[in-house]
Amino acid sequence: MYRPLLYAALVPVLLMTGCTAETSTSPEPAPRAVVSATASPAAAEDKYAVWNAGRSTPVVDPIYPKRGTDALDVLHYDLSLDWSPSKRVLTGTATLQVRPTKDAASFSLDFTPYEIDSLTVDDAPATGKVTEEKLTVATPVTEDKPFTLVVGYHGKPMTTPMPSKRSDAHPLGLTVDRDGGLWTMQEPFGAFTWYPANDQPSDEALYDISVTVPKGWSGIASGSPKGRDGDTFRYQSTDPVASYLTTLAVGKYKKAAAKGPHGLPLTYWYLPRDKRALPVLKKSPKYLAWLEKKFGPYPFPSGGVVMVDSDSGMETQQMITLGSAVAKEGADGLELDVLHEYSHHWFGDTVTPADWTDVWLNEGWATYAQFLYQSERDKIPDASLDGWFRQSDAALRKEFGPPGHPRPSEFAAGNVYICAAAMLRQLHNTLGDKKFFALARAWAQDHRNTQQTRASFTAFVNEQTGRDFTAFIDAWLDSRTTPPKSLKDRR
């Protein structure tokens, strides 16, 4: 996610010290996706096997427990969407393949109060209602017996408040802009404002999205572009996606195409008023090549950026959602923000935290990657970077607490960015370049398409290095003050 204001204010200090829509067909099995080890032996023989790569082990999120459920594992979403700018009405058909994780007399998904036009479970009519941002369906389900839910709906999009005090915080979810277009940012939640979703990070799924728009408009979504039929644009994600990493944008967009490393297809979508950002976006191959050198191959089959009328930016999977206001900060700053969001595709997208307690796993790595890039670009001395990290870490811990204990009312505060990055900086200094980047690369590549936790990260670091860094990591994530430089790991 785009850096918080405090982070933005500190960057100059660092610089100074360094001087209608048809339903699309089911996807092919994802050749690179990781299939859960918990899959049943018979899974490959049943009709849901094609979506095995969308299997997850959902957990209750301790930070935002009202969002999502651990009782359902959505394997696949097929979203057929139609947007009317003149009426400001979204019409949708959502087809979900769902694996229950326990027996239940009914089931619920996150959803805002659209009018429900039709509802079926395994082709049989079902009864459901939307209350308190939950769609509850009165149909019994059985553990590990997948079913197909189809919901037809329409209505005017409604956003939901962001649990944050950041200056760039704005309502989450599907937003209608001044021109009748659409855009969305939804971290830590908000996907439920445009489709029924298990809206939490631990339940990743495969996606097919089609967007029908008026003539002369474009529909953009996360995933790989799969062409268009008339005014219907299609996208597909064969790597599993957390709901907060999906995106949707509709507007009178211009399009630019490019090739990244190894011929990677890249697409940049921008409104005429955002054309000033295009020179920086066109440097994406350079940013991705730099990231690949540090962290291994880009994890997805396509990438790109869509510009929206926002003050923030999001690492939405395969298609970064970048706010127009971010572009106003100048080319050097915009470059860092774009690289930050691309780095999330390694740290946060392909390797996703199981719950929001570990948002530092996303932001710490992306922030550190950004500072490494900036240090190389601007020739910032190591000593200046080290000193800035410790000074900033102390101030942020005092204001927001330690990064391993984020406050529900202050999502994405500066501590989960800078303090977690400061930990990685000290780990880097301890291990040296060769061992540190071997660890970083292995973390991103060995855990592709999985959900990870603080415990799994600590175990990985210990195994990868052959040393016990448990106390080191605990101190950096739990301490209310900056750990000392002399904090030693155990041999």
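Predicted model: local features only at pLDDT ≥ 70, side-chain atom pairs only at ≥ 80, totals over all residues.
Local features need pLDDT of at least 70 and side-chain atom pairs count only at pLDDT 80 or more, while totals for chains, interfaces and linings use all residues. Residues are numbered from 1 along each chain as its sequence is written, and side-chain values use heavy atoms, with hydrogens and water left out.

A pair of aromatic rings is described by the distance of the centres and the angle of the planes. Rings of Phe, Tyr and Trp (its six-membered ring) pair if their centres lie within 6.5 Å, with planes under 30 degrees apart counted as stacked, over 60 as edge-to-face and the rest as tilted. The count by this rule comes to 33 aromatic pairs. One of them is stacked: the ring centres of Y77 and Y207 are 4.7 Å apart, with planes at 15 degrees. Because Y77 belongs to strand β1 (residues 72–84) and Y207 to strand β11 (residues 204–212), this pair ties together parts that are 130 residues apart in sequence; strands are DSSP runs of E, at least two residues, and helices runs of H or I, at least four, numbered from the N terminus.

Y77 is buried, with a relative accessible area of 1%, and Y207 is buried with a value of 1% (buried means under 20%, exposed over 50%, partly exposed in between; 1.4 Å probe, protein chains only). F436 and F437 form an edge-to-face pair, with centres 5.3 Å apart and planes at 80 degrees; both are buried.

Charges also sit over rings (NZ of Lys or CZ of Arg within 6 Å of the ring centre and within 35 degrees of the ring normal). K294 lies over the face of F437, at 5.6 Å from the ring centre, and R67 over that of F189, at 4.4 Å.

Finally, T458 in helix α11 (residues 454–465) is buried, at 9% relative accessible area. Not counting residues up to four places away in sequence, T458 touches T470 and I473 (contact means heavy atoms within 4.5 Å).
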